[in-house]
Amino acid sequence: IIASFLQTLRNSFQREIMVAAGPWIAAWVRFAFAVPFTFAVLMALLLYRGHYGIALSQYFWLNVMAGSLFQFLASAAFLLSMRFSKFAIGVALQHSWIIVTAAFGVWFLGDKLGWISWAGLIIATLGMVMISWPEKKLNANIDVKNALLSGLFGFTSGVFFAICSNQFRAAVNAVEGNPTFFASTLTVLITQIS
């Protein structure tokens, strides 16, 4: 509940920045301002543990760079989806990332999901779309072109978020010999800086 509230606040702030500076600056801001906080967490982990043997392979860097690019593009597409429509069509379709992430995990990372897992993912996706869908019905007064663009950018954002989340998971798994929390924090910091 707290995360949803903070995410809603962040999205509204980003939308205001987008109006003044455009979608690319607004997408960049979400990364730049988080760097000091992630750096502080990483330093606290290093102080607590004393040392970590870190060997970052080419595979790690490839996944981090690809994930960073797709996350940046996903953020920009999400902001553009809100720009083209006052309604939450783009936001609703952005939630496609839930099921697309699972599909990419199966196809590219070898995840095994049974029918119960797929049913849960489909129900979760439909639930997110339903609660995000605009309350007002589309009518003749609504610019259909803008509504379609909003939906297209929203869906594109969802696909890009799905790709980047799997890239980051692969990068975290590539930081061998370290606890997952440390590997995740290191991956996030490098992502934010890159």
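**Helix packing and a ring pair in a predicted model**

The crossing of helix 8 and helix 9 is right-handed. This model is predicted.

Student: Which residues of helix 9 make the contact with helix 8?
Tutor: Both helices contribute side by side to this list. From helix 8 come Phe168, Ala171 and Val172. From helix 9 come Thr180, Ala183, Ser184, Thr187 and Thr191.

Student: How many charged residues does the contact of helix 8 with helix 9 have?
Tutor: Sort the contact by class. Four residues are nonpolar and four are polar. The number of charged residues is none.

Student: Are helix 8 and helix 9 roughly perpendicular or oblique to each other?
Tutor: Helix 8 covers residues 144-174 and helix 9 covers residues 180-193. Their axes lie 9 Å apart, at an angle of about 125°. Roughly perpendicular runs from 65 to 115 degrees, and roughly antiparallel starts over 145. Helix 8 and helix 9 are therefore oblique.

Student: Is Val172 buried or exposed?
Tutor: Val172 sits in helix 8. Its relative accessible area is 14%. The cut-off for buried is under 20%, so Val172 is buried.

Student: Which residues does Val172 touch, not counting residues up to four places away in sequence?
Tutor: Val172 is part of the contact between helix 8 and helix 9. Its partners are Thr180, Ala183, Ser184 and Thr187.

Student: How far apart in space are Val172 and Val64, C-alpha to C-alpha?
Tutor: In sequence, 108 residues separate Val172 and Val64. In space, their C-alpha atoms are apart by 8.9 Å.

Student: What kind of aromatic pair do Phe60 and Trp61 form?
Tutor: The count of aromatic pairs is two. In the pair of Phe60 and Trp61, the ring centres are 5.4 Å apart and the planes stand at 85°. Planes over 60 degrees apart meet the cut-off, so this pair is edge-to-face.

Key
Residues are numbered from 1 along each chain as its sequence is written. This is a predicted model: local features need pLDDT of at least 70, side-chain atom pairs count only at pLDDT 80 or more; totals for chains, interfaces and linings use all residues. Side-chain values use heavy atoms; hydrogens and water are left out. Axes are lines fitted to C-alpha atoms, for helices over the stretch in contact, and angles run from 0 to 180 degrees between N-to-C directions. Helices (H or I, at least four residues) and strands (E, at least two) are DSSP runs, numbered from the N terminus. Angles under 35 degrees count as roughly parallel, over 145 as roughly antiparallel, 65 to 115 as roughly perpendicular and the rest as oblique. A crossing is left-handed if the near helix is turned anticlockwise from the far one by less than a right angle, and right-handed if clockwise. Contact means heavy atoms within 4.5 Å. Ala, Val, Leu, Ile, Met, Phe, Trp, Tyr, Cys and Pro count as nonpolar, Asp, Glu, Lys and Arg as charged, and the others, Gly among them, as polar. Rings of Phe, Tyr and Trp (its six-membered ring) pair if their centres lie within 6.5 Å; planes under 30 degrees apart count as stacked, over 60 as edge-to-face and the rest as tilted. Buried means under 20% relative accessible area, exposed over 50%, partly exposed in between (1.4 Å probe, protein chains only).
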